[in-house]
Amino acid sequence: MKEFFKVTDLQTVLEYRAKFPQVKTEEIPLVETVGRILAHDVVADDDLPDFPRAIVDGYAVKGASTFGSSEGNPAYLTLSGSIAMGESPEIAVGPGEAAQIATGGMLPPGADSVVMIEHTEAIDDTTIEVYRSVAPGQNMIAIGEDIKEQTRVLLKGQLIRPQEAGLLAALGRQMVTVYQKPVIGVISTGDEIVPISKTPSRGQIRDINTYTLAGLIQDAGAVAISYGIVRDNFDTLFKKCKLALEQCDMVLVSGGSSVGARDFTVDVLSDLQDAKILVHGISISPGKPTILAKVQKKAVWGMPGHVVSAMIVFARVVRPFVEHLSGQAAGQKKEIRLQARLSRNVASRQGRIDFIRVQLRPVEGQLWADPVLGKSGLISTMVKADGLIEIDINTEGLDKGAEVEVLPML
């Protein structure tokens, strides 16, 4: 009989991330960068903007020329001209003067603010009246107000979202150096597992984990490669793991991580070249029998076979490793947690972290978390769930009405 695994606490498991190297970098066009991880700091080479810009349609003025103006006592200003878009003004604005300007136009010398056109009225071709005062700096963007020259605006390890891509565009960065997407292999094991194209016989089930894990991998910003279904055979699994290691940055083996007589994963991983089992068992539920091995400097996971366990283990344990491989800096990711109240008592056991599936329900401005009960082989419970609550390792359950933090799921 196999020796039962010794569990490792979750924090210790997560600290093993540092043992694995990050992927290489590549230079790609800016248009392809959203969702990628920046591989270097970005420092602005210019002020942004590098000229004073109007942010409304109206008239560029000296703010002092409008002080005290109102509908009953308007200020009368002399038009010195108009400013064409995309050109440097050839006119200046002095006291008591104004220049017509459109949104985005460059303020002329002497102007320090813009009066909105709605707050003016043309008297004739050379004079306007202003019936609302503006302060210096109002309705305009000053030089460097957005970004100052030589400011570090983006950090290595930062996820590029559309807004970061927009900033890079504003700085003229046509090509950007990012980390490559990690390639992660998925191997599904078990004599009872059949392809989804096949109608299962009695005692068989379709391969769910390949598809759920591949989806989770893609959502984490990596590339998933399926190596198909492997029967409960040591030699076959060994060869498939060896192939996946040659082609991937990380490998997930679904099923075979517990202590049953036909669970070969830990033995296969131990026999691979330059292999070390770091973890066989994590103090969490579901997902206790999870394996982490370091094989040829790569992380190989023995994932639970039950779909709920496998998905939760990926979300709470494996994904941080994927983000590390991707080059994402520690602390860059802001994990969203929603505040809710528990709608019923939930039991737990000390000595492990319990992840409970919940469905969120708003009632009179308050979110309630309804536990989604069901065994770890029921994919329907994951479909119903909006998120997870985490019950601490030293807590014996939670009472109805307790305030909880919900970790949103896909």
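Let's start with a cluster: ring pairs link Phe-20, Trp-301 and Phe-321. Rings of Phe, Tyr and Trp (its six-membered ring) count as a pair if their centres lie within 6.5 Å. Planes under 30 degrees apart are called stacked, over 60 edge-to-face, and the rest tilted.

Now the ground rules. This is a predicted model, where local features need pLDDT of at least 70, side-chain atom pairs count only at pLDDT 80 or more, and totals for chains, interfaces and linings use all residues. Residues are numbered from 1 along each chain as its sequence is written, and side-chain values use heavy atoms, with hydrogens and water left out.

Back to the rings. How many aromatic pairs does a search of the whole structure find? Three. Take Phe-20 and Phe-321. They pair edge-to-face, with 6.1 Å centre to centre and 65 degrees between the planes. This pair links distant parts of the chain, 301 residues apart. Phe-20 sits in the loop between helix 1 (10-15) and strand 1 (25-29), and Phe-321 in helix 6 (residues 307-325). Helices (H or I, at least four residues) and strands (E, at least two) are DSSP runs, numbered from the N terminus. Phe-20 and Phe-321 are both buried. Buried means under 20% relative accessible area, exposed means over 50%, and partly exposed is in between (1.4 Å probe, protein chains only).

Next pair: Phe-234 and Phe-238. Why is this pair stacked? Because the planes are at 15 degrees, with the ring centres 6.3 Å apart. Both residues lie in helix 4 (residues 234-247), four residues apart, about one turn of the helix. Phe-234 is partly exposed, at 25% relative accessible area. Phe-238 is partly exposed too, at 23%.

On to Thr-189. You'll find Thr-189 in strand 13 (residues 183-189). Is Thr-189 buried or exposed? Buried, because its relative accessible area is 9%. Its side chain makes polar contacts (N or O atoms within 3.5 Å; within protein, one able to donate a hydrogen and the other to accept it, and residues adjacent in sequence count only if both atoms are side-chain atoms). One reaches the backbone oxygen of Ser-254 at 2.9 Å.

Last stop, helix 2 (residues 162-170). Glu-164, Ala-165, Leu-167 and Leu-168 are buried there. They cover an arc of only 160 degrees around the axis, so they sit on the same side of helix 2. That arc uses the directions from the helix axis to the C-beta atoms. After helix 2 comes Gly-172, with a positive phi near 80 degrees.
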